[in-house]
Amino acid sequence: MSPRRPPPDADLIERREILDEAGMARALKRMAYELVERVGHEGDAIYLVGIRTGGAHLAVRLADLIRASGDVPKPTLGAVDISLYRDDVFRGLPKPEIGPTDLPEPLDGRTVVLVDDVLFTGRTIRAAMDVLGDYGRPRVVKLAALVDRGRRELPIQPDVVGVTVQTAAAESVRVMLKERGETDRVVLRERRA
Amino acid sequence: MTSFPHKHLLGIETLSAEDLTTILDLGERFGEIASRPIKKVPTLRGKTVINLFLEPSTRTRTSFEIAAKRLSADAVNISGSTSSTVKGETLLDTAQNLDAMGPDIVVIRHGQAGAAAMLAKHIRASVVNAGDGAHEHPTQALLDCSTIRAHKGTIAGLTVAICGDITHSRVARSDIHALSKLGATVRVAGPRTLLPVGIEALGATAFHRIEPALEGADVIIMLRIQKERFGTPLFPNTREYSRYFGLNARRLELARPDAIVMHPGPINRGVELDPAIADGPRAVILDQVARGVAIRMAVLYLLGGGAPDPL
């Protein structure tokens with residue numbers, strides 16, 4: 001099995017916009033409401049765990065939106081880095097920067113919501129669940145993703161999704177975030193012919 | 001993205017400042033794993049690390065073993081007394097036999113300078129030098145830099161005094177290379193018989209008395225007299241050595257008030273280091289040991305692929 005190497009930025013052309021700035025704001029707001037409705041009233045506060053790096057930024061935003069909704073306890077916010085749990089660490093890909101894993105409160109018995117920017121093969125989520133398992137035993141783990149682009153390689157499904165798009169294997173979904181100095185938007189790109 | 005364009009870690013001399021920083025940064029990340037409820041990540045699952053220690057060692061061997069295990073690699077330890085070298089097998093034969101069993105990384109400590117480099121030429125596995133004679137001990141220098149950076153914030157601009165048996169110290173050599181590449185000013189001090197001629201060529205200033213070397217230093221690294229490495233006595237007796245070159249409270253006052261005291265271990269208490277200082281608030285010796293595990297995890301992680309990234 002050969003590793004999936006993302007093509008360099010220069011080789012990709014933008015094909016269409018999936019979400020613009022307002023669209024992303026609406027999608028996140030809806031996700032926050034859905035989370036409150038689905039798990040907000042079950043025991044302790046929601047424990048949002050963002051997957052570095054994109055998911056961690058989105059988890060912060062979802063936490064703010066959930067807090068603003070006012071009728072549930074203030075969510076706990078954490079972040080995980082999955083670099084050391086990947087199944088393709090030594091398949092010739094450049095090694096990613098390892099970011100800190102920061103889980104400020106014990107996971108035991110909590111309602112954890114994993115947050116990712118783009119849900120694709122499911123391998124990232126598999127790795128993130130392994131990280132959680134090394135820190136404790138949550139009561140339940142849910143998955144929230146801003147974009148579900150399909151093409152799963154593992155039996156993993158999201159609970160809350162911002163937007164679902166059909167994609168081809170050669171395409172790539174890029175989430176741009178103001179936290180990284182870009183304008184909020186999601187675009188579908190494909191390799192230059 | 002992290003890049004480390006080396007298959008082996010044989011010494012600090014051949015590394016760039018960027019390579020050193022890559023390892024130090026990664027070491028900081030790996031340090032966090034020690035505080036987790038499950039102190040293990042699956043990263044090197046299925047990889048085999050052989051620790052071939054043909055010279056006595058507790059700290060370094062245990063540290064490499066724990067580092068490999070925290071990364072889920074399988075670690076096999078071979079020490080001098082249990083190896084076939086006592087039956088007359090050459091190092092190269094031992095290593096090639098081990099290599100035939102398919103390890104991914106061989107960590108070697110050996111009494112001869114260049115042993116690790118020789119192995120690297122003849123076996124397929126990545127080789128990590130865990131000390132070769134009086135030549136280099138790269139992971140010790142890296143954990144020293146990691147400790148200094150943690151306590152001082154940065155290494156560039158600091159003055160570091162390395163005192164004691166410089167001649168027989170691979171730690172001194174690796175430290176001098178690492179600290180000067182990262183921008184520190186390095187002083188070495190020791191009796192003339194334990195201070196090699198030409199050490200300045202490595203970028204250190206040499207002193208034959210300890211006091212001027214300590215003056216205004218930010219970091220003091222004390223070294224043990226490596227009696228096992230020389231036959232004829234090179235100084236009258238340990239009492240006299242301690243009187244002239246031991247670090248005590250009075251001498252420590254010459255350094256900066258916030259100076260830290262380090263020692264690669266094992267310590268000969270009362271010889272190079274006053275026990276009150278070794279156990280005192282300025283000593284960061286056990287912190288060095290703790291950081292050693294994280295640094296070695298970083299090294300095993302970077303080499304664990306068996307080959308540099310083909311980019």
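Modeller: Happy to! Let's begin with I50(B), which is buried because 21 other C-beta atoms lie within 10 Å; buried means 20 or more such atoms within 10 Å, exposed 12 or fewer, and partly exposed in between, with C-beta atoms placed from the backbone. This is a predicted model, in which local features need pLDDT of at least 70 and side-chain atom pairs count only at pLDDT 80 or more, while totals for chains, interfaces and linings use all residues. Residues are numbered from 1 along each chain as its sequence is written, and chains are lettered from A and ligands numbered from 1 in the order in which they are written.

I50(B) belongs to strand β1 of chain B, residues 48-53; helices (H or I, at least four residues) and strands (E, at least two) are DSSP runs, numbered from the N terminus. Which residues is I50(B) in contact with, leaving aside its neighbours within four places in sequence? They are V76(B), I78(B), L98(B), P103(B), V106(B) and V107(B), where contact means that the C-beta atoms, placed from the backbone, lie within 7 Å. The C-alpha atoms of I50(B) and I108(B) are 8.3 Å apart, although 58 residues separate the two along the chain.

Now to a sheet of chain B. Its five strands form an open sheet, ordered β7-β6-β5-β8-β9, with parallel pairing; two strands pair if DSSP finds at least two bridges between them. β7(B) (204-207) and β9(B) (260-262) are at the edges with a single partner strand each, so one side of each has no neighbour in the sheet. Three bridges link β8(B) (residues 219-222) to β9(B), and V219(B) has I260(B) as its bridge partner there.

Conventions:
Contact = placed C-beta atoms within 7 Å.
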